[in-house]
Amino acid sequence: RQLARSGRELAGPVVVVGAPDDAGPYARAWGVDPVVPSDVEAILGGNQVEAVATKRGKLPARLVALAPTPAPASELARQAGCAVAWDGRGFPVVRDVEGRAGTGPWIVWACGQVAGVGSDASSDDGDRIADAILRHERGRGP
């Protein structure tokens, strides 16, 4: 996207590094297969990238695009006193079944990716937690 915005074209091969589910769409856009991170041994070159050394050999490259697995951005929730727990990719916010993640002088609600829900299910999770918030607010009265 950045190259398209700049109006410039890349002169040379691209290597996309990331898990197939995450990097696949980007790799397909470049017409290449993604390289899983555990296969990458080194990025080679001096002032510019020349190749990627993998367990299967060298791949010529002018650009290495990294497409890491998204991790929850839970820093703000942690600062608000919410608990987080390692899930193998990052630290999603710990919440109850209705989405409450912390209480204090305020209630923190968490939904979607910050709570470790995959991007495909984030919208449904957001709807479910929004319903819980509305139920909570209705029960508080005027």
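Ser-122 counts as buried because its relative accessibility is 18%, where buried means under 20% relative accessible area, exposed over 50% and partly exposed in between (1.4 Å probe, protein chains only). This serine is found in helix H4 (residues 122–140). Keep in mind that this is a predicted model, in which local features need pLDDT of at least 70, side-chain atom pairs count only at pLDDT 80 or more, and totals for chains, interfaces and linings use all residues. Residues are numbered from 1 along each chain as its sequence is written, and side-chain values use heavy atoms, with hydrogens and water left out.

**Around Ser-122**
- Ser-122 touches Gly-112, Gln-113 and Val-117, not counting residues up to four places away in sequence; contact means heavy atoms within 4.5 Å.

**The sheet**
- Helices (H or I, at least four residues) and strands (E, at least two) are DSSP runs, numbered from the N terminus.
- Three strands make an open antiparallel sheet, ordered E2-E3-E4; two strands pair if DSSP finds at least two bridges between them.
- Strands E2 (40–45) and E4 (57–60) stand at the edges with a single partner strand each, so one side of each has no neighbour in the sheet.
- E2 pairs with E3 (residues 49–54) over five bridges, and Ile-43 has Val-52 in E3 as its bridge partner.

**The nonpolar cores**
- A nonpolar core is a set of buried Ala, Val, Leu, Ile, Met, Phe, Trp, Tyr and Cys residues joined through side-chain atoms within 4.5 Å.
- The largest one has seven residues, including Ala-77, Cys-82 and Val-93.
- A second, separate core of six residues includes Val-15, Val-17, Val-35 and Val-52.
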